[in-house]
Amino acid sequence: MNLPRAGNCVREKRIRFSGAGKDSGVAIIDRYARNINYLRVSVTDRCNLRCAYCMPKEGLSRIGHDDILRYEEILRIIRVAAGMGITKVRITGGEPLVRRGVVEFIASLRAVPEITDISLTTNGILLEDCAEALFAAGIKRINVSLDSLNAEKYARITRGGELRNVLRGIQKAREVGFSPIKINTVAIKGVNDDEIAEFARLTLSNPYQVRFIELMPLGTAGGENNGRYLANDFIRERIGQIGRLDPVNGNSRKNDGPAQIYRLAGGAGEIGFISPVSRHFCDSCNRLRLTADGFLRSCLLVDDEMDLKGPLRAGCGDSGIEDLIRQAILRKPRQHEVICEEGLVKKCMKEMPAIGG
Ligand code: SAM
Ligand code: SF4
């Protein structure tokens, strides 16, 4: 596919999808020649945990019930976005599995033919009970967040979470047939950096992809994250001490997004590094984010959002919604500015659970 060069406008192009099983479709290309085909949707800002690096101690002042997008509104936005070139959707939150009806909502996405990939990010607490239904609803790829393998520490980081629930959830996901199962771990200085090797060793005998994600400075908890950030180079070096890290497929693959992928020599699983701070992947960022309160955000780390809920509820038609999505893409910045030398520069006021990570 020939992408247009960076210019001043968003372009839509008829293209031939490769591998999507379709003859033709639409691609939406932004000002910096990025093909925007991925929408992450936060279905709720509520959560059954309060991870110290994500939420303030007292929890969030929640978005009012009426201000949360209804499922039919989310579905409508996804349909319109799919008509413009979105092919991948990730359901996230807050904790998506705490929102009633989420499995049925996910199943309803199968009625949007352009969406060829639906995935979910969860903290895993409710996964054991939901895994079969989620699989039947069409989710085959799942990311489970897990920041400690020590029950006490897990409870401390999450302010009360039970590790065994997550481990049972992951086990159940494996039995049900989810593949891949990715384990998201945010490495935090002085908190879980002593567990890096243990997380890496998980991949020796299990087919998981353990992904180390760099800590980012968002929301109210963002300020506290300053000073706790660890660059992925440090983590890679630590893991290198327990075995050889072989790059997998030149370090990246379809569906691995911005992760750089390695395998520990002899390992059944993989290790991924997602480095939004130390090696940002803005040049190839293909994402939009729909927040739980109905705003479209073109960059996780920049507080610039397009209100979709207001116009939607005021009766805006599909072409109007399409126009707003196009405008949001037009405003997608070339890159974020969370530069890190000694620490993080706090840039984003919106809370992570509302945006969806
Ligand atoms: N509750 C679900 C979960 O924890 O998987 C989904 C939402 S959570 C906001 C999505 C991801 O964002 C999780 O993997 C979490 O660890 C990550 N996250 C939250 N705050 C972060 C921060 N400040 N920096 C980096 N990652 C963060
Ligand atoms: Fe909840 Fe996920 Fe944030 Fe933890 S990281 S508080 S589980 S939204």
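A residue counts as buried when its relative accessible area is under 20%. Keep that cut-off in mind as you explore this predicted model.

**The whole chain.** Start with everything shown as a cartoon: the protein has 11 helices and 14 strands. Of its 357 residues, 55% are buried. If you draw the contacts between residues at least 6 apart in sequence, 71% of them join residues at least 24 apart.

**Colour by confidence.** The average pLDDT is 88, and 87% of the residues score at least 70. Now select residues 16–24, where the pLDDT is below 50 and the model has 14 contacts beyond near neighbours in sequence. Residues 1–7 also stay under 50, with 15 contacts beyond four places in sequence.

**Helix α1.** Next, select residues 71–84. The end C-alpha atoms of α1 are 20 Å apart, which agrees with the 20 Å that its 14 residues should span at 1.5 Å a residue. How many residues of α1 are buried? The count is 10 of the 14, so the helix is largely enclosed by the rest of the structure. Show side chains to find them: Y71, E73, I74, L75, I77, I78, V80, A81, A82 and M84. Step just past the helix to G85, which takes a positive phi of about 135 degrees.

**Ligand 2.** Finally, centre on ligand 2 and display its surroundings: C47, L49, R50, C51, C54, M55, G94 and N123. Coloured by class, this shell shows 5 nonpolar, 2 polar and 1 charged residues.

Note on methods: Residues are numbered from 1 along each chain as its sequence is written. Chains are lettered from A and ligands numbered from 1 in the order in which they are written. This is a predicted model: local features need pLDDT of at least 70, side-chain atom pairs count only at pLDDT 80 or more; totals for chains, interfaces and linings use all residues. Side-chain values use heavy atoms; hydrogens and water are left out. Helices (H or I, at least four residues) and strands (E, at least two) are DSSP runs, numbered from the N terminus. Buried means under 20% relative accessible area, exposed over 50%, partly exposed in between (1.4 Å probe, protein chains only). Contact means heavy atoms within 4.5 Å. A residue is near a molecule or strand if one of its heavy atoms lies within 4 Å of it. Ala, Val, Leu, Ile, Met, Phe, Trp, Tyr, Cys and Pro count as nonpolar, Asp, Glu, Lys and Arg as charged, and the others, Gly among them, as polar. pLDDT is the predictor's confidence in each residue, from 0 to 100. The expected span of a helix is 1.5 Å times one less than its number of residues.
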